[in-house]
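This report describes selected features of a single protein chain.

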Amino acid sequence: MPSSIPRAGIIGWPVSHSRSPILHTYWLRKYALAGSYERIPISPENFAAQFRSLSDQGFAGANVTIPHKQTAMACCDELEPAAKRLGAVNTIVITQGRYHGSNTDGYGFIENLRQRAPHWRADTGPAVIIGAGGAARAVVAALIDAGAKQLRLFNRTRSRADQLAADLGGPVETADWQRLDSGLADCSLLVNCSSLGMTGQPPLEISLRALPPTALVYDLVYTPLQTPLLKAASHNGNPTIDGLGMLIHQARPGFAAWFGVMPEADESLLQLLLSDIESTKGI
Ligand code: NAP
């Protein structure tokens, strides 16, 4: 008989490097709630059976990370429109044995943007998005919903950018990767959604010469926190936003559903995650 204390966790393979347990455990303590948040390693073989057994083990739900975001979607009973639109889930809520899948990456992206740049408006000018993977899909969808009038999408593999634009619709233009530098002219927001700049990956090769000095530069990469892109943008005087706040904000709806309190993205949590990133040298 499972305990009535709610359990949640992060499903991935591997999952040992996930920082999600740090933030959920911080919130459980902060709000003095009974519950646990665990690492749930599930290999791709036999995924469906192990995933569907979480309910019997007393799990109220889970986050889902690489490589299971699409497979988990196929194993859900119901999907939120955001998950259907993006073709991936990152949050599962289990109620009476039924699995409800959602995707909170776009929410996390916009909430962090609004917290860090309260005067930002989506319709101020064109936004340049770099990348066409899962994160870029969430960001493009969130910017369309926020009222962006023009989105310029650049990806190394052009066909993936074209597919994203076709899938999501809206004011999305794609262009060749080689034209990225000139594509920055008159833009008001630049978002790196590629993995370039991440620890262990090549840096993002970009010239910011054409970027207006007022443009906001947002990097989803948070290991390291100050990516070469953010350093170059700060050096030019552009306002910048790192990816750590998005990581925190995307976790909030899941916590609220499993444990009953919508948690805050506060400064102490930010510091806790920062010191973890520093102690593990960005892994
Ligand atoms: P993904 O689906 O694997 O997409 C990776 C993207 O990076 C693709 O657009 C890929 O281009 C591009 N890329 C990879 N290596 C490249 C290279 N050498 N040159 C040019 N482009 C390259 O990954 P994802 O899930 O979208 O995540 C992307 C990044 O966002 C990761 O660093 C991840 O940690 C970060 N992220 C952060 C948060 C947060 O909460 N802050 C949330 C989600 C993701 P191709 O299509 O050409 O391969």
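This is a predicted model: local features need pLDDT of at least 70, side-chain atom pairs count only at pLDDT 80 or more; totals for chains, interfaces and linings use all residues.

Asp266 forms a salt bridge with Lys30, and the closest N and O atoms of the two are 2.5 Å apart. Because Asp266 lies in the loop between helix H10 (244-259) and helix H11 (267-279), while Lys30 belongs to helix H1 (residues 20-30), the pair ties together parts that are 236 residues apart in sequence. Lys30 has a relative accessibility of 35% and therefore counts as partly exposed.

A salt bridge also joins Arg252 and Glu111, with 3.8 Å between the closest N and O atoms. This pair likewise links distant parts of the chain: Arg252 is in helix H10 and Glu111 in helix H5 (residues 105-116), 141 residues apart. Arg252 is buried, at a relative accessible area of 12%, whereas Glu111 is partly exposed, at 26%.

## A salt bridge within one helix

Arg158 and Asp162 meet through their side chains in a salt bridge, with an N to O distance of 3.2 Å. The two residues are four positions apart in helix H7 (residues 158-168), so about one helical turn separates Arg158 from Asp162. Arg158 is partly exposed, with a relative accessibility of 31%, and Asp162 is also partly exposed, with a relative accessible area of 32%.

The pair belongs to a network of salt bridges that links Arg158, Asp162 and Asp176. For the model as a whole, the count comes to 14 salt bridges. In general terms, side chains of opposite charge can pair when their charged atoms come close.

## The six-stranded sheet

Six strands form an open sheet with mixed pairing, in the order S2-S1-S3-S5-S6-S4. Strand S2 (36-41) and strand S4 (78-79) are the edge strands, each of them pairing on one side only. Strands of a sheet pair through backbone hydrogen bonds, either parallel or antiparallel.

Strand S1 (residues 7-12) and strand S3 (residues 61-64) run parallel and are joined by two bridges; Ile11 has Val64 in S3 as its bridge partner. Strand S5 (residues 91-95) and S6, by contrast, run antiparallel, with five bridges between them. Ile92 has Gly101 in S6 as its bridge partner. The hairpin of S5 and S6 has two residues between the strands, and Gln96 takes a positive phi near 50° there.

## Parallel pairing around strand S11

Strand S10 (residues 189-192) runs parallel to S11, and four bridges join the two. Within this pairing, Leu189 stands opposite Leu216 in S11. S11 also pairs with strand S12 (residues 240-241), again in the parallel sense, over two bridges; here Tyr218 stands opposite Ile241 in S12. Together, S11, helix H9 (residues 228-235) and S12 make a right-handed β-α-β unit.

Which residues of S11 point one way, and which the other? Leu216 and Tyr218 point one way from strand S11 (residues 216-219), Val217 and Asp219 point the other way, and all are buried.

## Enclosed space

Rolling a probe the size of a water molecule over the atoms shows where empty space is left. For this model, the count comes to one cavity of 30 Å³ or more. The largest cavity holds about 40 Å³ of space.

The lining of the largest cavity consists of Trp120, Arg121, Ala122, Gly125, Ala127, Leu143, Ala148, Ser188 and Leu189. By class, these lining residues divide into six nonpolar, two polar and one charged. Leu189, one of the lining residues, is also the residue that stands opposite Leu216 in S11.

Terms used: Residues are numbered from 1 along each chain as its sequence is written. Side-chain values use heavy atoms; hydrogens and water are left out. On a 1 Å grid over the protein atoms alone, a cavity is a set of points where a 1.4 Å probe fits but cannot get out, and a pocket is an open set with protein on both sides within 12 Å along at least five of seven lines; lining residues have an atom within 4 Å of a point. Grid points are joined across faces, edges and corners, and a volume is the space filled by probe spheres set on the points. Ala, Val, Leu, Ile, Met, Phe, Trp, Tyr, Cys and Pro count as nonpolar, Asp, Glu, Lys and Arg as charged, and the others, Gly among them, as polar. Buried means under 20% relative accessible area, exposed over 50%, partly exposed in between (1.4 Å probe, protein chains only). Two strands pair if DSSP finds at least two bridges between them. A crossover is right-handed if, with the strands pointing away from the viewer, the path from the first strand over the helix to the second runs clockwise. A salt bridge is a side-chain nitrogen of Lys or Arg within 4 Å of a carboxyl oxygen of Asp or Glu.
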